[in-house]
Amino acid sequence: MISGETRLAAVIGRPIRHSLSPVILNAAFDAAGLDWRFVALDVAPGDGAAAIRATRTLGLGGLSVTMPHKADAHDAVDETTAVAAELGAVNCVFWRGDRLVGDNTDGAGFLDALAEDPGIDVAGLRCVVVGAGGAGRAVVRALGAAGAIEVAVVNRSPEPAHRAAALAGAVGRVGAPQDAAGADLVVNATPLGMGLVAGEPLPLDPALLREGQVVADLIYHPRVTPLLAAAADRGARTTGGLGMLVHQAAHAFARWTGADAPVAAMAAAARDELDRRVTDR
Ligand code: NAP
């Protein structure tokens, strides 16, 4: 029951109506028994900073930030975490006293998801990340910080690849698709596989993949992308993007409420919602 005591958190973005965040975070508040609700707010490009100011005005309990507002949010908060500062992008805003802090939980969410399923620690691994946009950058940085021994960034455009590779520190470099053959972990951080355009190519030639590798796709809808299907056919262990989505939200939940996130309930709600959307198609 919503009352005068209910705390409100929200995600801002555009497009935002298909966001899974309200389903995941309302399931979290319910499972934790917290009197909080979560809504999606359609905020126009260029209005991200105003939305951050509104967080203060309205006394929101926390804010998630998605495209196209992550850079504006970075500039508009009172302070940023080291991760958000390095990435120049904020996806989670929380309170520290009366100051609004901008964080980026994508990389931590990615690592937590890999630790859960397929149960790997990236320390000591050779990694290839295909894609150097917002998500790819967060993953590259997280892999470098977590002890990967090599992070090769493969991207259509060279400049973003160079900038992303630098985020992994000494172990980062710009790579080529063939690097995937020698990698322990291969990550797709492009939108190739979402089925956005007819005849969409795979992000990588599956002939480069093999048994003994882990192939992770950041895409969560569909849950099994064409790349993951092809990688599984070649004997690789595979994992989709839903775990990262849930775990980055779990980090946000913890920052906002101070409580541990009920991850299992969040993951179940996300899976149910995606299954419902597939059935509704
Ligand atoms: P983004 O900032 O737009 O970056 C897209 C990246 O993909 C760029 O490196 C771009 O290369 C590359 N790319 C786009 N179209 C391509 C094509 N046709 N051929 C080759 N490369 C192409 O997007 P993002 O925010 O990083 O998101 C990337 C993917 O991750 C999306 O599918 C998104 O849904 C997913 N994601 C998942 C989570 C999660 O929690 N699971 C979180 C965030 C994002 P150029 O530099 O050459 O343009």
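Among the elements that line the largest pocket of this predicted model, α9 contributes the most, with 5 residues; helices (H or I, at least four residues) and strands (E, at least two) are DSSP runs, numbered from the N terminus. Two or more residues of this lining also come from each of α1 (21–32), β3 (62–65) and α6. A pocket is here an open set of points, on a 1 Å grid over the protein atoms alone, with protein on both sides within 12 Å along at least five of seven lines, and its lining residues have an atom within 4 Å of a point. The lining comprises 49 residues, of which M67, A135, P191, M194 and Y220 lie nearest the centre of the pocket. By class, the lining divides into 27 nonpolar, 15 polar and 7 charged residues, where Ala, Val, Leu, Ile, Met, Phe, Trp, Tyr, Cys and Pro count as nonpolar, Asp, Glu, Lys and Arg as charged, and the others, Gly among them, as polar. The volume of the largest pocket is about 1,700 Å³, a volume being the space filled by probe spheres set on grid points that are joined across faces, edges and corners.

Residues are numbered from 1 along each chain as its sequence is written. Local features of the predicted model need pLDDT of at least 70 and side-chain atom pairs count only at pLDDT 80 or more, while totals for chains, interfaces and linings use all residues, and side-chain values use heavy atoms, with hydrogens and water left out.

The ligand takes up the space of the largest pocket, in the sense that more than half of its atoms lie within 2 Å of the grid points. It is surrounded by 21 residues, the closest being A132, A135, N155, R156 and S157; a residue is counted as near if one of its heavy atoms lies within 4 Å of the molecule. This shell consists of 12 nonpolar, 8 polar and 1 charged residues. Polar contacts, defined as pairs of N or O atoms within 3.5 Å, include one between an oxygen atom of the ligand and an N or O atom in the side chain of R156, at 2.9 Å. The backbone also takes part, with an N or O atom of L218 lying 2.9 Å from a nitrogen atom of the ligand and an N or O atom of L245 lying 3.3 Å from an oxygen atom of the ligand. Of the 920 Å² of accessible area that the ligand has on its own, the protein covers 73%, as computed by the Shrake-Rupley method with a 1.4 Å probe. Two or more shell residues come from each of α6 (134–145) and α9 (242–257), and α6 gives the most, with 3 residues.

The model also holds 1 cavity of 30 Å³ or more, a cavity being a set of points where a 1.4 Å probe fits but cannot get out. About 60 Å³ of space lies within the largest cavity, whose lining includes F110, D117, L218 and M244. The largest share of that lining, 3 residues, comes from α5, and the lining divides into 6 nonpolar, 3 polar and 2 charged residues.

Most peptide bonds are trans. Another cis peptide bond joins D117 and P118, with omega of about 20 degrees, and P118 lies in the loop between α5 and β7 (126–130).

Technical notes
A polar contact is a pair of N or O atoms within 3.5 Å; within protein, one must be able to donate a hydrogen and the other to accept it, and residues adjacent in sequence count only if both atoms are side-chain atoms.
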